[in-house]
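Student: I have a model open and would like to work through its features. Where do we start?

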Amino acid sequence: MNLDYTGLIPILGGIYGFLLGKGILPRQPRDPEKMELWRQKFGPLMMVLGPVLVVFGFLELFRVF
């Protein structure tokens with residue numbers, strides 16, 4: 001098995017996007033009201049695209065395709 005670390009960026013980005021969408025990050029936002037508006041607008045999308053990006057990162061990491 002040949003490991004190449006190019007899949008780590010999508011994995012980390014997907015995890016970060018998912019945590020943003022769930023409201024776990026940032027822990028203490030500068031403007032909580034603005035962050036809540038962003039979360040209402042983009043949260044559901046990020047909670048779907050985050051795991052998809054993580055799966056894509058794993059597929060790229062292990063060179064499945």
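**Aromatic pair and helices**

Tutor: This is a predicted model. A search of the whole structure turns up 1 aromatic pair.

Student: Are the planes of W38 and F42 stacked, edge-to-face or tilted?
Tutor: Two values describe such a pair: the distance of the centres and the angle of the planes. The ring centres of W38 and F42 are 5.5 Å apart. Stacked needs planes under 30 degrees apart, and edge-to-face needs over 60. The planes here are at 45°, so the pair is tilted.

Student: Which helix holds both W38 and F42?
Tutor: The two residues are 4 residues apart, about one turn of the helix. Residues three or four places apart in an α-helix point the same way. Both W38 and F42 lie in helix α2 (residues 32-61).

Student: Is W38 buried, partly exposed or exposed?
Tutor: Buried means under 20% relative accessible area, and exposed means over 50%. W38 has 28% relative accessibility, so W38 is partly exposed.

Student: What is the distance between the end C-alpha atoms of helix α1?
Tutor: Helix α1 (residues 8-22) has 15 residues. At 1.5 Å a residue, α1 should span 21 Å. The distance between its end C-alpha atoms agrees: 21 Å.

Student: Which helix is included in what covers the buried residues of α1?
Tutor: The buried residues of α1 are P10, I11, G14, G17, L20 and G21. Their cover includes α2.

Definitions and conventions
Residues are numbered from 1 along each chain as its sequence is written. This is a predicted model: local features need pLDDT of at least 70, side-chain atom pairs count only at pLDDT 80 or more; totals for chains, interfaces and linings use all residues. Side-chain values use heavy atoms; hydrogens and water are left out. Rings of Phe, Tyr and Trp (its six-membered ring) pair if their centres lie within 6.5 Å; planes under 30 degrees apart count as stacked, over 60 as edge-to-face and the rest as tilted. Buried means under 20% relative accessible area, exposed over 50%, partly exposed in between (1.4 Å probe, protein chains only). The expected span of a helix is 1.5 Å times one less than its number of residues. Contact means heavy atoms within 4.5 Å.
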